[in-house]
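Visitor: Could you walk me through this one and tell me what the words you use really mean?
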Amino acid sequence: MQQNRKRHLLKMILPATIISCCCAVAIITIDRANGAAAESVSAATSTSNENYSKPIHSKPIESVDIRFKESGNDELPDFQKHVAPLLGRLGCNGRACHGSFQGQGGFQLSLFGYDFQSDHKALREEGTERVNLKNPAESLILTKPTDEDEHEGGLRYDKDSWQYNLLQSWIAGGGTNPDSIHKLDRLVIEPSELIFNSPSEKFELKAIAHWKDGTVEDVTPLCRFHSNNDSIAKITESGIVSTNSLSGDTHVVVSYDKAVVPVPAIHPYAGQPLKSNSAFLGTSKIDLLTAKKWEKLNLQPSQLSDDTTFLRRVCIDITGTLPTADEIRQFVASEDSQKRKKKIDELLNSPAYASWWTTFFCDMTENNSRQLSNIAFDSNLPSQQWYDWIHKRVKDNTPYDEMIEGIVLGISRDSGESYIDFCERMQETSANESFSETETMPYYWMRREFRDRETMAISFAHAFLGLRIQCAQCHKHPFDRWSQKDFKDFSKFFSGINVRQYSGGTSPEDKQDYISILKNLNIEPDRKKNPNLQRQLREAYRKGETTPFGFLSIDSPKLTREELRELQKQLKAEKNSKKKKKNKKPTIAEATLLGSDTIDLTEHEDVRTPVMEWMKQSDNPFFAKALVNRVWARYFGVGIVDPVDDLNLANPPSNAALLDHLSQEFINHDFDLKWLHREITNSQTYQLSWVPNSTNENDRRNFSRAIPRRLPAEVIFDSIAFAASNPEANRSFRNSVQGRAISIPGTVTNVKRTKNSTDASFALKVFGRSERASSCDCDRSEETSLIQTVYMQNDRDIHLMLTQKDSWLNQMAQQNTANNQAVTAQQSLDSLNDRIAKMELKKASFKQSENKKQLQNLSKQIKTLAKTKRSWEAKLATAQKLKGDLNVQQVVEEAYLRTLSRFPTEEELARCKQHILEDEDLVKGVTGVLWALVNTKEFIVNH
Amino acid sequence: MGFHRQCDGVTRRDAIKVGVLGSTTGLTMSNFLKMADAGQVNSKATSKAAIFIELPGGPSHMDTFDLKPNAPSEFRGKFNPIKTNAPGVEICEHLPKLAKCADKFAVLRGVSHSLGAHPLGQQFVFTGNRPNPSLDYPGYGSVVAKEMQSDDDLPAYVAIPKAKQGPGHLGVKYASLQTNATPRFGSPFSVRGITLGNGVTMDEMQRRSSLLKDLDRTFDTIKDRDDLLSGLDKFSQKAFSMITSNRARDAFNLSKEAPNYAKLFGEDDFSQSCMLASRLVESGVKFVTVSLGGWDTHSDNFSKLQNNLLPKLDAGLSGLFNGLAAKGLLDSTTVFVSGEFGRTPKINSRSADGGRDHYPRCMFMLMGGGPVNGGQVIGESDATAAGPKHEGINPEDAAATFFRTLGINHRKEYDTSIGRPISIVRDGNVIPGLIG
């Protein structure tokens, strides 16, 4: 065979600039259990000089395009290693082609491959000529793609190309598929990082497969390549990467067999190379890691935000509540060098922090009221208890893993607890609101939609692992290592979870208890005889009587109906073939953790335990990362991995070192949530201004500036209420969370802060509070819409909130009236006093002239005047009580502090004053100002 | 975000480049042309707007548009069929006004599915997609709002008073403007967000707006390069013009209708809502949902229908068809009427008057206007209306047909936020003979 290597380890196609950092190698390692690819090694993505990994020296077998260049090669290609990936590369198993679930032309391949058996079966299907062993050249997989036979997919390769030769050799060699799957150890991509120093540079990727059996092969022509952002880096079908005009960074992704390897591609921003980010003083580990990335991209970070910007941002992010006017004044005036740090600590200890971040966890775990009906006779109770249970733990700063363990291993009934005892206990926790004291919280598993284990697996992976594995329910995950088998084997952990509705459990004891509960209530338990059963029970519940409750039951893993049918078929077949009958129990014995060990389920009473144990392990690749990334995204508006709930291999972190560091430290700090909040918010990176400079205005994924983001729905509603509230309510906003939108437990949102206040449900719907319905972080929306701005400008909620009875403006109107009344009263009093004084003088003169009648008249008049005077005095007293200092400038300042959390500029002040003074009614003018302020972009955006 | 891969690893941009070969857009140009040849696409006769009348609760098909006078008494029901102005089409005697305009709509019988709970049935029939726990499908109006542009000072999609299905995975941007109330005969109608109230006058609104313009300057330096900020600005202007323009307010002002026109409708809320729907469409709104509930007649089925529901439906719907025709809008407006399921053919005896329970296996729908061929019955149920006689019409087919009347290709795919390509209607085919 000709050893004419046409490829080099690193081949630059156009101008041959040497790039020092391209010697490092991107590696993907494949785990032990089932050949799944584990995390891509991130060392390779760091700066070259520090992290120089040596190239792999075992000499790879040269690639198939060279080996099969000429026909007549007697090498037998391997189905898994060569044939299947070639079909993938050619696009045969694409969605619109033979990967379609309907197939094309009756020929169906597994979508995105990795089901070698069924693909092989499809190719070799009897009665088809797809593979013709007798006459290989007649095989349809050779004649169709070369367009010799009519092929809807058109020409895929030429006759006598290496592709043709390879497939032909495979057919000629018997068209076989080995019994067992080859395990890929790792796929190494060279170069491991692409930095474009000039726009015309190009890189050619090379992919080396290292198999578990020791074989090493160049598989470049068998890989599939794509770019995560082709306006920054374009990649051709054969793996040649070039850049576009746009600066920034992205990844190009290489897929082969089960491996998916992202390779960073960086196109630095133009301008003078930055020696160091001199203006940036960050010294925390977060700051060092973000700065390192900025240097690579030639990004200069924005300035540090000023005090008011920082305060507004950190208050919104930590507590979902705006800072008060006094707080802003104090904070700005303080000269304490530690004031930001101290403020962060103060916020983390406030009731609003606990409420707001409980909402975060309720979103994550999908606390959806509608999913929890039929558990209790107060349909909102489970949602409320779910919320309360998490709230207590957020408030107490319970370690994250411990809190999640309480949810994952949630149980309803204590071991040995009778059904009647359980119902009594539930009635008690409901009556005295003490549910949060229970050790675990079972409602996560009790949602109605959890009808099958697949749904549970999808939800579970999303909530706790930040993974979207649903693709693998039907086909191999296109961007990750998960095959259908991985999905199936993981979902088996959830096969013993059952919800028993209130009508009691399945055991005779439970049933007896249920009957006796109803008997105690004098309720006829037979539904047929008693159509009012539900209503009667609901009434009894309201009266505080012990009523039945639904509960979670963890049983031994059960087969689904289809699986049972399959098993029976198998048994029957075995019986027919008179083989020795094996004793197959219809239970599930094993399940496999994602990318990890297979667990013997028979050893666990609660089959969820091994999953939780795996998640708590310090080397679990998802559990801590998923949370850290989600929390980070709340502070920056974008995750280190984004979308945040998509930690797949092809969607790598924008800063892997940063995510690794934070996750590891989070674990090292025993999953201390407040530590995580402090670590992030105290970093200079978090505290940067949103004002961009010439280098970073297009950066949206490296945290070199704050990116303005729309406030969450709850915060918008609360902030309008806050801006409109009277001074007393305003001051206590952060500490009294009762009835606030940030403390709504489930998805029933018609909650009011006070009896008179507006209910939040409409606003929360319009602004996209999380629906908690589809196992996706996108259930919360931070998009903008027309209906939202219509709401802000003219909804009755807004008009009412601004001016309702206990509002700031209403108080101001009362003051204004009082002020006017005080002036009038004083004037009347003055004139009365005047008149009385004059009369007294007259009286004195009458006294002298002894004019009795006139004297009497006068005394009477004085008496009347005195009476009027007393009434004016009373009016004055009342007015003085309500009176307030309504200095227009101060009012405008207050309005700014309540909404934009900053002082107005001179110009703004003048414009607002003008608006107010144009109005004959001061309060009407101020209403206009407050309306305008809540309608600014600055108000509705966290910046 | 903003950049998403599809589940099969193809980006949108790629999909365009891929073209015919391996196209991921579902309906390729060549397919489209083939369909066009087969008469499945008629680009001329498409509607410019649509009205969806949802009848949540599930109206009894056997007592409305699919009567079985010869069925045994435990099925048949109390009502008799009457002839309509469309030859061969018979409907319930308590729908006399609709009988006089049956040429304007087609009756779909033997529509069939399997979801017998209200929310699931509604999710299915009001979106055209079988519910899926990990995906929330958009209601018809949200799809139309996305596909069809509306003018600046009008909402694209209005729901009277609200719609059962939200925008689903399309996001809040395509949610309806809910009126939250139904218009009442003879009294002014106020629409949340549109009607000025609470002491705010037009002058005051103008003054405030000019103040807002002067104060809202903080992000001037970056707003043009930021989608969120420029979007907020754009919507702010649109909202203002909607609130202050006469057009939007007039569109909701029923007192501006001529008395002769108003006479076509009844005085109840549903009729008034239908009149409002016609007025909104005339003004340029693209999609209106009108909701009429109360059809869940487990008990007292016949008296509820006869005394309340059917007279309302009859007056409102006939008013709508005749009104649209009178305004010359019927040819360009599709009207689609459906509940989430039918009701059990066998009458239950829970109440003296008899009731019927949930029954998704057999139901009716109505479709009219635009390119729909009215005056006919499509599909057929068996002798006791217990199921389709032949192959049933499924909700997907009805949805596909409905979208087709608007020139919307129901196989068009959207990428959900997880990058999964989802077609507007997953499994539907245009119902033969209904349009064209």
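This is a predicted model: local features need pLDDT of at least 70, side-chain atom pairs count only at pLDDT 80 or more; totals for chains, interfaces and linings use all residues.

Guide: Residues are numbered from 1 along each chain as its sequence is written, while chains are lettered from A and ligands numbered from 1 in the order in which they are written.

Visitor: What makes residues of chain A and chain B count as in contact, and how many are there on each side?

Guide: Two residues are in contact if their C-beta atoms, placed from the backbone, lie within 7 Å. By that rule, 64 residues of chain A are in contact with 52 residues of chain B. H27(A) gives the most to chain A's side, with eight residues. A helix here is a DSSP run of H or I with at least four residues, a strand is a run of E with at least two, and both are numbered from the N terminus.

Visitor: How do you sort chain A's touching side into nonpolar, polar and charged?

Guide: Ala, Val, Leu, Ile, Met, Phe, Trp, Tyr, Cys and Pro count as nonpolar, Asp, Glu, Lys and Arg as charged, and the others, Gly among them, as polar. That gives 24 nonpolar, 23 polar and 17 charged residues.

Visitor: Why is strand E7 of chain B called largely enclosed?

Guide: A residue is buried if 20 or more other C-beta atoms lie within 10 Å of its own, exposed if 12 or fewer, and partly exposed in between, with C-beta atoms placed from the backbone. Four of the five residues of E7(B), residues 287–291, are buried, so the rest of the structure largely encloses this strand. Over chain B, 54% of the 436 residues count as buried.

Visitor: How do you know that E7(B) pairs with E1(B)?

Guide: Strands pair if DSSP finds at least two bridges between them. E1(B) and E7(B) run parallel and share five bridges, so they pass. E5(B) also runs parallel to E7(B), with four bridges. B:Phe287 is the bridge partner of B:Ala50 and of B:Tyr157.

Visitor: What makes H2(A) and H3(A) roughly perpendicular?

Guide: Angles under 35 degrees count as roughly parallel, over 145 as roughly antiparallel, 65 to 115 as roughly perpendicular and the rest as oblique. These helices pack at about 65°, and therefore they are called roughly perpendicular.

Conventions
Axes are lines fitted to C-alpha atoms, for helices over the stretch in contact, and angles run from 0 to 180 degrees between N-to-C directions.
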